Amino acid sequence: MLVGITNPNRRLPSPKAVALDFGGIVADITRLPTASWAPLLAAELHPMLARVGVQMPLIDIAADILAGAGGEKAWKHTANLQDDPAELSPRELWRMTSVHWPDAARALVEAEAIPLCTRIDSLRFQRTLRPGISEFLLYCQENGLPVAVVSNVIDGMAHRTFLDHHGLAPLVAAQLYSGELGIRKPNPEMGRLACRALNRAPRQVWYVGDRYDTDVVFGKRAEFAATILMRSGSTEDANKVRRTQGDPAATVEDPNGLLKLLEQVR
């Protein structure tokens with residue numbers, strides 16, 4: 001019997017390509033409390049604002065960064081409930097953060113929105129390679145299965161840098177990030193774009209993610225051959241989430257389980 005199959009009566013199709021979420025699949029991501037990194041970013045912003053003639057107390061800058069992060073979280077929660085959500089752009093995030101700031105301060109952070117978002121990413125996230133993902137990607141390359149990374153992230157640079165740092169970029173045929181595309185999962189257009197990049201039809205592609213609310217819904221809407229749920233620290237309790245799109249085709253605990261499942265159907 002195949003491991004991890006949600007419905008043992010359903011035959012899991014052998015894929016011709018694989019699309020992977022990043023967080024929880026390629027890497028475990030730890031999100032640090034906003035209260036721990038907002039003062040650090042405020043301290044960096046303070047002299048930048050002073051150079052354009054804006055003197056703001058550090059405590060006020062940090063409080064608005066904290067409020068902006070909360071607004072971003074609420075915005076994403078609402079977007080995830082939509083059929084075809086757009087992505088929040090770096091400029092929009094900083095407009096939200098600086099809504100009460102002087103004109104010169106708002107103009108500065110909007111002009112520097114992309115590097116500021118890159119800086120936020122480096123301060124609030126810690127990424128650790130998931131054991132077994134390197135072996136999975138190597139197996140796919142050796143067996144002619146192109147792989148795409150498809151991830152919701154305002155700034156994809158950190159993900160690209162991570163893959164480069166661990167020597168995995170050559171094993172990934174395409175990287176698609178919501179902040180670069182202007183749309184976010186569960187928008188099925190991200191799936192269609194991934195399939196075009198892989199030169200495969202959706203019914204030839206497995207999609208692997210770690211969340212019900214975005215990934216399982218996304219996989220169903222994009223009409224992938226199979227949606228595989230890989231458990232991570234972000235995976236919701238199946239008994240507590242509303243799953244209008246049904247169950248994943250299979251569930252695995254980690255990349256090693258995903259590789260075993262792939263080997264069994266090929």
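I take contact to mean heavy atoms within 4.5 Å. The model is predicted, so I noted the ground rules: local features need pLDDT of at least 70, side-chain atom pairs count only at pLDDT 80 or more, and totals for chains, interfaces and linings use all residues. Residues are numbered from 1 along each chain as its sequence is written, and side-chain values use heavy atoms, with hydrogens and water left out.

**Entry 1: Ser 178**

I started at Ser 178, which sits in helix α8 (residues 178-181). Leaving out residues up to four places away in sequence, I found Ser 178 touching Glu 87, Ser 151, Asn 152, Val 153, Ile 154, Ile 183, Arg 184 and Met 190. Is Ser 178 buried or exposed? Its relative accessibility is 0%, so it counts as buried; the scale is buried under 20% relative accessible area, exposed over 50%, partly exposed in between, with a 1.4 Å probe and protein chains only. I also saw a polar atom of the Ser 178 side chain 2.8 Å from the backbone nitrogen of Val 153.

**Entry 2: the sheet**

Next I traced the open sheet: 6 strands, parallel pairing, order β5-β4-β1-β6-β7-β8. Pairing here needs at least two DSSP bridges between two strands. From one strand to the next the twist averages 20°. Angles run from 0 to 180 degrees between N-to-C directions, and axes are lines fitted to C-alpha atoms, for helices over the stretch in contact.

Then I went pair by pair. β1 (residues 17-20) and β4 (residues 147-151) share 3 parallel bridges, and Leu 20 stands opposite Val 149 in β4. β1 and β6 pair in parallel over 4 bridges, where Ala 17 has Val 205 of β6 as its bridge partner. β6 and β7 also run parallel over 4 bridges, with Trp 206 partnered by Ala 226 in β7.

**Entry 3: around β6**

Why do I call β6 largely enclosed by the rest of the structure? Because 5 of the 5 residues of β6 are buried. Val 205, Tyr 207 and Gly 209 are on one side, Trp 206 and Val 208 on the other, and both faces are covered. I found helix α11 (residues 255-265) lying across β1, β6 (205-209), β7 (226-230) and β8, at about 160° to β6.

**Entry 4: α3 against α5**

I checked how α3 (residues 90-97) meets α5 (residues 113-124): their axes are 8 Å apart and the angle is about 80°. That makes α3 roughly perpendicular to α5; the class covers 65 to 115 degrees, with under 35 roughly parallel, over 145 roughly antiparallel and the rest oblique. From α3 the contact uses Pro 90, Arg 91, Leu 93 and Trp 94, and from α5 it uses Ala 113, Ile 114, Leu 116, Cys 117 and Ile 120. I count 8 nonpolar residues, no polar and 1 charged. Nonpolar is Ala, Val, Leu, Ile, Met, Phe, Trp, Tyr, Cys and Pro; charged is Asp, Glu, Lys and Arg; the others, Gly among them, are polar.

**Entry 5: Asn 199**

Last stop was Asn 199, in the loop between α9 (188-198) and β6. At 65% relative accessibility, Asn 199 counts as exposed.

Key
Helices (H or I, at least four residues) and strands (E, at least two) are DSSP runs, numbered from the N terminus. A polar contact is a pair of N or O atoms within 3.5 Å; within protein, one must be able to donate a hydrogen and the other to accept it, and residues adjacent in sequence count only if both atoms are side-chain atoms.
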